[in-house]
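Visitor: I would like a short tour of this protein model. Could we take it one question at a time?

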Amino acid sequence: MTRFALFVRLEAKPGQETAVADFLAGALPLANAESGTTAWFALQFGPSTFGVFDAFADEAGRQAHLDGPIAAALMANAGALLSAPPNIERIDLLAAKLPG
């Protein structure tokens, strides 16, 4: 069962909204390659507010994602793209409905 998740809120710097959206959309192939990632969503809440929600079957999958290429690229580009550091929340899922 999918029991673990992450929610990351991102606020784009003025003028970097399209770059943040493109960065997140471009991360999909990397998320698809992660065997421990059960679900991955890139989100846009408003003109400059974005997020990522991802889910994992176990803590090892969540940690592998945090140590993986998406997180590394996000942190490497955060200064140029974001007005504040990413807000990363670890979440314990109580129930989930997923395809498959």
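Visitor: In which strand is the place of aspartate 54?
Guide: A word first: this is a predicted model. Aspartate 54 belongs to a strand, and that strand is E3.

Visitor: How far away is the nearest side chain of opposite charge to aspartate 54?
Guide: Side chains of opposite charge can pair when their charged atoms come close. Aspartate 54 is buried and has no salt bridge. A salt bridge needs nitrogen and oxygen within 4 Å. The nearest side chain of opposite charge to aspartate 54 is arginine 62, at 8.3 Å.

Visitor: With which side chain does aspartate 54 make a polar contact?
Guide: Leave aside residues up to four places away in sequence, and aspartate 54 touches Phe4, Ala5, Leu6, Thr37, Ala39, Trp40 and His65. A polar contact joins the side chain of aspartate 54, at 2.7 Å, to that of histidine 65.

Visitor: Which residues of H3 are buried?
Guide: Elements that cover them include E1, E2, E3, H4 and E4. Seen down the axis of H3, the buried residues fall within an arc of 100 degrees, so they line one face of the helix. The buried residues of H3 are Gly61, Arg62 and His65.

Visitor: How many residues apart are glutamate 59 and arginine 62 in helix H3?
Guide: These two form a salt bridge, with the closest N and O atoms 2.5 Å apart. Glutamate 59 is partly exposed, at 30% relative accessible area, whereas arginine 62 is buried, at 4%. About one helical turn separates glutamate 59 from arginine 62, because they sit in H3 at a spacing of three residues.

Visitor: What is the distance, N to O, in the salt bridge of glutamate 59 and arginine 90?
Guide: Arginine 90 is partly exposed, with 47% relative accessibility. The side chains of glutamate 59 and arginine 90 meet in a salt bridge at 2.9 Å. Glutamate 59 is in helix H3 and arginine 90 in strand E4, so the pair ties together parts 31 residues apart in sequence. The N to O distance is 2.9 Å.

Visitor: Which residues are linked in a network of salt bridges?
Guide: The count of salt bridges comes to two. One joins glutamate 59 to arginine 62. Another joins glutamate 59 to arginine 90. The linked residues are Glu59, Arg62 and Arg90.

Visitor: Which residues of H1 are buried, and which exposed residues are on the face turned away?
Guide: The buried residues of H1 are Val20, Phe23 and Leu24. They cover an arc of only 95 degrees around the axis, which puts them on the same side of H1. Their cover includes E1, H2, E2, E3 and H4. The face turned away from the buried side carries Thr18, Asp22 and Ala25.

Visitor: Which element gives the most to the largest nonpolar core?
Guide: This core has 16 residues, and Leu10, Val20, Leu24, Trp40, Phe50 and Leu82 touch the most other members. The elements giving two or more residues are strand E1, helix H1, strand E3 and helix H4. With four residues, the top contributor is H4.

Visitor: With which residues is leucine 10 in contact, leaving aside neighbours within four places in sequence?
Guide: Leucine 10 is among the core residues that touch the most other members. Its contacts beyond those neighbours are Leu24, Ser48, Thr49, Phe50, Leu74, Leu82 and Pro86.

Technical notes:
Residues are numbered from 1 along each chain as its sequence is written. This is a predicted model: local features need pLDDT of at least 70, side-chain atom pairs count only at pLDDT 80 or more; totals for chains, interfaces and linings use all residues. Side-chain values use heavy atoms; hydrogens and water are left out. A nonpolar core is a set of buried Ala, Val, Leu, Ile, Met, Phe, Trp, Tyr and Cys residues joined through side-chain atoms within 4.5 Å. Buried means under 20% relative accessible area, exposed over 50%, partly exposed in between (1.4 Å probe, protein chains only). Contact means heavy atoms within 4.5 Å. The arc is that of the directions from the helix axis to the C-beta atoms. Lys and Arg count as positive and Asp and Glu as negative; His and the chain ends are not counted. A polar contact is a pair of N or O atoms within 3.5 Å; within protein, one must be able to donate a hydrogen and the other to accept it, and residues adjacent in sequence count only if both atoms are side-chain atoms.
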